[in-house]
Each structure stands twice: as C-alpha cells, then as structure tokens.
Amino acid sequence: MRLQLPNPGLEDRILSHEELDKLETEEAGSGDRPKWDNKTQYMLTCVGFCVGLGNVWRFPYLCQSHGGGAFMIPFLILLVLEGVPLLHLEFAIGQRLRKGSLGVWSTIHPYLAGVGIASMFVSLMISLYYNTIMAWVMWYLFNSFQETLPWSQCPLNYNLTGLVSECEQSSPVDYFWYRETLNSTPDIGENGGLQWWMVLCLVSAWAVLYICIIRGIETTGKAVYVTSTLPYVVLSIFLIRGLTLKGSLSGVVFLFTPNLTELTNPTTWLDAGAQVFYSFSIAFGGLISFSSYNSVHNNCEQDAVIISAVNGFTSVYAATVIYTIIGFRATERFDNCLGGNILVLLNTFDLPEGNVTESNYDQVLQSLNGTHPEVIQGLNLKTCDLNTFLSEGVEGTGLAFIVFTEAITKMPASPVWSVLFFIMLFCLGLSSMFGNIEGVLVPLQDLGVFPKSWPKESTTGITCVLCCIVGLIFVQGSGNYWLSLFDSYGGSIPLLIIAFCEMVGVVYLYGIDRFNDDIEFMIGHKPNLFWQITWRFVSPAIMLVIFVFYFITKVTETLLYKTWNPESENFPTLEEKPYPAWIYVIIFILAGIPSLAVPGTALFRCLWRKRDRKSEQQELKTVSDQMDMNDKAQDGKSRT
Amino acid sequence: MLVWILFLLCQVGAPALAQDLCQRDAPNGYKVRISLKTALGEDAYEWNQSEMFFFQATMAFAMRRHFQMETYNVDNIILCVQTSRVSFWFVVTSPDNTTMLIPKADVEKAVRMSRHRINNAFLLSDRTLEFLGIYPTLAAPVNPDTPPWLIVFGVVIGAVCAGIIALLVSSLLQKRRKEKGMTEDGQDEEDMQVKGVENGINLDGTYNRGFTDDDRFTKL
C-alpha cells in the first residue's frame, strides 16, 4: 500500500540528518538564516497568523446560521481530521528542509516548484486586499477619538433644515460606512476616483506593517508580544462588559441553541471544512517559513496540536463575546420597536401613559383591534420579533463596521469601547499580515528577484511600497466591490489546490517513510497511527471533496454582487447586480493564474530539463572538452 | 334692568364663547402632548389644574416675550379637550379683544422663541413636551477646524516614521561598525606580511645580505 512516486536525486537536494545536527551545533548565532529568539515568539507568531479576522467575523455567523451549538460538532471533527494534520505537515516539512515554501517544494521535486509559486501569488493577492481592511479599521480607530462618535447620528443637510436624506432613509452607521468611509459608487464599473482619506489610512496601514517587518522575524518577533496577546485581553474586557448589558444572555443562548437537523445538511459540513481550512492559514507558505527558523529538534507535533486548540478555542470565545453584544443590540432594537408601537397607540387613543406596557401590549392591541379595526390598520404598526433581530445574521465587514459599531453607540462611554474594539481588530489583522507578507518575501528572495547584496530593510520596503501602490485599487469609490471579488475568487480555490498538492507531494513524492524517519529524528518518536491515516487518506480526501463542491458552486452560481445604490427602489437594502462581462477575465486571472502555476511550472521545468539534457549530451562528444576539464583540475591543485 | 340682564348674559356667554373659540382641530390652535412618565420616570409629578394654570402662565409669558408691547394674561390662553394621555388644545386670544384669536403663525413664533424656557419650566424636553405642528429646531453641528481623525492620524504616522528612521539609522551604524572592524583586521594582515612573518615568527630588522649563503655557487 506504500505508494511512492519515483523521485530521483532527492538525496542530493536535502541535508542529511548528520548534516542537520552539525548545522545545529555549528550555527549557534552565526549564519545567514534568521532564528527565533525564543519559543514564545514562534508560538505567538503562529497563533497570530492563524487567529485573524475570520475568527471574529466569519465563525460566529456560520455558527449561528448552521444550527448554533450543533455546528461545533462538524467544526471540531474537521478541526481534528483536517486542520491538525495539515498544520503538523507544514511545520514538520519546514523544520526539516529549513527553507521557505518555494525552496521546500523545489527541493522535494523540481517540478513541484509551481506549488511554491502559487503560494506566493496567493499570499500576494491576499496581502493586497487584507491591508485595505486594516486601512478601514484604522479609519474607524482614528474616528473613535471623539466624544460623540460620528456614526451615532446623521449629519445635517446643506441648509441645516433636516438630516441628509440618504442617512435618514438608511441609518447613521450605514451612512457612515458606505458614504463617509467608502464613498461607494453604485456600480463596479464606475471607479469614483481615489478617496484621499482612505489613501492616507492605507499608507499608514502599510507604514505600520513595514515597521514591524523591517528586519524580518527580528522585529516581527518583538511585535507579536503585543499584537497576538492584546486581542485576548480586549475580548475578555468585552465579555465582562457584554454580560452586564441587558439582553446579552439572549444573544448567547441564541448562538448556542443546538439544532441537530442542520447536521444532515451537507452545506453545514462544507462550510465547517472551509472555515477550518481558511482559518488555519494553510497553503500560504508563511507557516513553512516560520517553522524553518526553528531548531531541528523542536517538537513540531506538540506545536501543531497546541496551535490548533488555541485557534478553535479563540473562535468559540470570540463568537460568545460577539453574540453578547449582538444580543444587547437586538434587545435594544426590540425595545425601541415595541416602545414606538406603544407610543403610537397611546397617542392615537389618548390613553394615559403606563396603560400599555410591554407585558400587556398584545392584549391591548387585540382589544383595540376588535373595537377600532380601521384605525389600527391605518397606523401601520411594525411587527417586533426578537428572533428576527437576533438572526439579522451579519458577517464580515458588515458585522464589524455596521452592526457592532451601532451596538457600541448604545453603550455608555462609547469612545472607549470603540477604541478598544478597533485596536483589537487591528492587532488581529496585523498579526495575520505578518504571515502573509512572509509568504511573499521569502519566495521573492529565493527566486532572486532582489540582489543578495541589498539589505533586508530595502527589500521589505520596496515590497511594501509596491503593494501599497497596487492596493490603491481598493481605495477608490468602487474599492469595496473589488475587495469582495478578490476575497471570493483569489483567496478560495487556489488555496484548496495548493493544500491538496502539498499533501500529495509530501506523502507520495517525498515519501511517507522518509517523512516518518525525519520526524522520528526531529522529535524522538515516530508519528502514530492517527497521523499516518490522516496524512495518507483522510485529509487529502476531505480537501478533494471540499474543492470539488466549492468549484461546482462557484462555477454554477450566477455572478451577482451587492451594491449600495441610493437611487434603487429597495434602498436601503443592497441592490444585487450582475457583474459586467470584463469581470470574468479578472476572475480568471485571480483564480486561474495561481492554480495554473502548479502544472505550468512543472511543464516548464520539464521542457527546460529536456533542453539541458540535449545540450549536455552534445558537449561530452568532443575530446577537447575533456582536455579542458583536466587542465582545470590541475589549476585547482596548484592553488593550494 | 335691561343693562343688568345684558351684563348677566355676558358673564354666562363669555366662557361659552371662549369654548367656541377653543375646540379640537381649531384652525388657530395647537395640540400639546405631554409625556411625564417617559421624561421623569418615578419623579413624575401629577398633572392637575395647577399645572394647567402654570401652562397658561408660561404661554402668556412666551407671548409677552415675543410681542413685547402687548400685555398677555393667563385669561388669554384658553385650554380645552383635555385627555388622560395628558394632551390638550389651546388657543391664544388678543389682550385687547378677547373674541379675536392670535393667528397660528404668530403663536408658533412665540413658542419657538421661548421653547427652551417652556421646556425647562416643566422639567421636560422637546420630545416629551410636544407642540404638534411646531418642529423643534435642530442643533447646529459643531464643526472643529481640523477633523479630529486627522490629528490622530498625524500622531500615529509621526511615531511610525520616527521609528522607521531610527531602525534604518541603527542598522546603517551597525553595518558601518562591522565594516570598520573588518578593514582593521585586513590592515593587520598586510603589516604582518611586510615585516616578514615566517613560520608565524615576527622577524624584526632588515635583511643583511652579508650573511647570505652564496657559497653554494663558488665551491671548487
């Protein structure tokens, strides 16, 4: 059953175990390869990379919409079967081969270099748009240092007679997000020009990132002490504050109420698998790089298990915190809705205050409906249902910038909570960006794009400047639509392909036997049966299934996107529009080029090697060539 | 006698006339709605006749304040259609001629001018003491000269730039120090070669040709 694909020359490309031990003892401080100052830095960096914005704004939504507490079951199962093995694999292979992602895959087999190149492309695309989200977070953070938060009330219109109509129809938070932050155009085709305030925020986001990665892990290792630990502190503060607010428990109960029938729905399992996969930041190449700076005998198995556990725990913890605040907001909305209805009844029927309360509202309404049905009809009372407000399931930027900010405005001392919340989001995103940028910089170095003589500061600086310039796409009026495009297509399909190729490459090209021996050499014992089964069959199978389903879903769905159009009929509901035809080209570039880099590089290397072999054969035929070789040998001897 | 009967009729008729002037949906009247429990909760006072009198007095004050010349009195404010919601209608009669009503627009101006005083008299706000039809004026927005976010941005960018420059300068200095250290080592080596190091021993002094072994060639 041990399937092993032929892999000639592997021994020549990798360091043997003895050489590794020698490297370990000799190096100690010197050498080109950077090293972690201590284990804590490494663990915090990996935790920071894995724990990101998705834990805060994707997982709670999935949890709540797929049956609450019941969602934990597919999530935990897939965490163990898919997340932990993939993580262990990346850590082990990076630690063993002591190279970045491009180096590792080229070493395993020259034809696999495409996997490394695809990782680099994906990391690059994600870095571009991820830092724009950081820019948005910084904008909100800068605007939080005011007594009245700017998104708590609508601004007045030009002649000060009333509120701005766009704001009146929607809400202050919506208006602040779509108009004052994004200045969103109604269509992806209209680019609306660069929004200068967002350009400033983008520059500041890239500047902060640059100062943290300026000397590689030397500076990153120090930055993660803050960026990886602060989110947990802030989450705890919010939990305590949230639990003291009215209605928070109803939010938590709503989140965790299990609905076991959801487990029969295949989308639940798919979404759980995809969430585990994307949450672990696998296939970016960053984790391989980080673990290659470790000492050879570091216990990567233990690290993988610890980091997976921390990631899973953080997802659940963040979901709890978020839903205490959402419960508070929903209760507040429900109270306002009911209060409004009660006031209308009091005013219309001139009843004394206190006659109609929340408890007897339904009775009174019924009796009034019996006596004055036409009047009640004319009033257009809104139906107030707490569950509707709770299940206004929002995820992504909508959760952070609309729902949560609205909830914050209703809490006393709002600026403090706003500052804390956005600092937390910023730290979560920044620590993920460290890994993304590592996945871009190390392959660039390996490819030799920058000359070796250039100092690290300039290579990171140039990369940051170029990414900032390209990232200007996302700060135009239509930037939000571009960002969701990149997010849906650039960051989904290629990662699944890369992860699948990684597993197949290590298990079947590198050889599971050799891999087991390596791990025994590194940590002292062979990986047990669980790892064998998951690496060889279970995890690749899961990856394949998720990929096939994802691919089919993406290809068959009609491509629509949601736009903010004040002119539309259903304003403020987002208007769904089909993408224009030229977007399909962009989608192909985003998803196709990294995916095609894998077979493409293999083909390219194959043809190049055939060419090399032909010219080698031609050289060896002449005798004079052999003569020259002998002279060179003699020259060499005389120099000693 | 007739005069006396007429006088009696006037005394009876006047309130009746007043009632005709003030009615629900009166063209020159306003409906007032008061929400005491919403505004004051447990501290809410009871709305009774004294409070109604207070309201009349406050409205008379407002009219006097607006018109300044004319002396309005409590009798000029006529209230009617009271409900348990606490809402009622009122009209304002002219002090010179009690049958003539002050037009709606003038009453509105008077109310707007003294709205803040009227609210405070009853410990209420624009929302809890409503004059239906007179919309509260919106507070003028406070526009600071520099938007506050720009200040925070400036601070952050300044700190980050200072940090970047400090790190770049420190790495430049480190590099220069390393280079200096290396060139000093190089010079030591060259000196050693010039002085004639053989077998690691420093040979000081000049080389004396008198002691060269050139007997090899002249041996017979």
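The legends below describe close-up views of a predicted model, in which local features need pLDDT of at least 70, side-chain atom pairs count only at pLDDT 80 or more, and totals for linings use all residues. Residues are numbered from 1 along each chain as its sequence is written.

View 1. Ser279(A) lies in helix 15 (residues 266-279), helices being DSSP runs of H or I with at least four residues. Ser279(A) is buried, at 9% relative accessible area (buried: under 20%, 1.4 Å probe, protein chains only). Leaving out residues up to four places away in sequence, Ser279(A) touches Cys50(A), Asn55(A) and Asn311(A) (contact: heavy atoms within 4.5 Å).

**View 2. Gly48(A) and the second largest cavity.** Gly48(A) belongs to helix 3 (residues 39-50) and is buried, with 4% relative accessibility. The second largest cavity holds about 40 Å³; a cavity is a set of points on a 1 Å grid over the protein atoms alone where a 1.4 Å probe fits but cannot get out, and lining residues have an atom within 4 Å of a point.

**View 3. The largest cavity.** Its volume is about 100 Å³. Of its 13 lining residues, Ile213(A), Gly216(A), Ile437(A), Glu438(A) and Leu441(A) lie nearest the centre. Helix 22 of chain A gives the most to this lining, with six residues.

Methods:
Chains lettered and ligands numbered in written order. Heavy atoms only, no water. Helix = DSSP H or I, 4+ residues; strand = E, 2+ residues; numbered from the N terminus. Buried < 20%, exposed > 50% of the residue type's maximum accessible area, 1.4 Å probe, protein only. 1 Å grid on protein atoms, 1.4 Å probe; cavity = no way out; pocket = protein on both sides within 12 Å on 5 of 7 lines; lining within 4 Å. Points joined across faces, edges and corners; volume = space filled by probe spheres on them.
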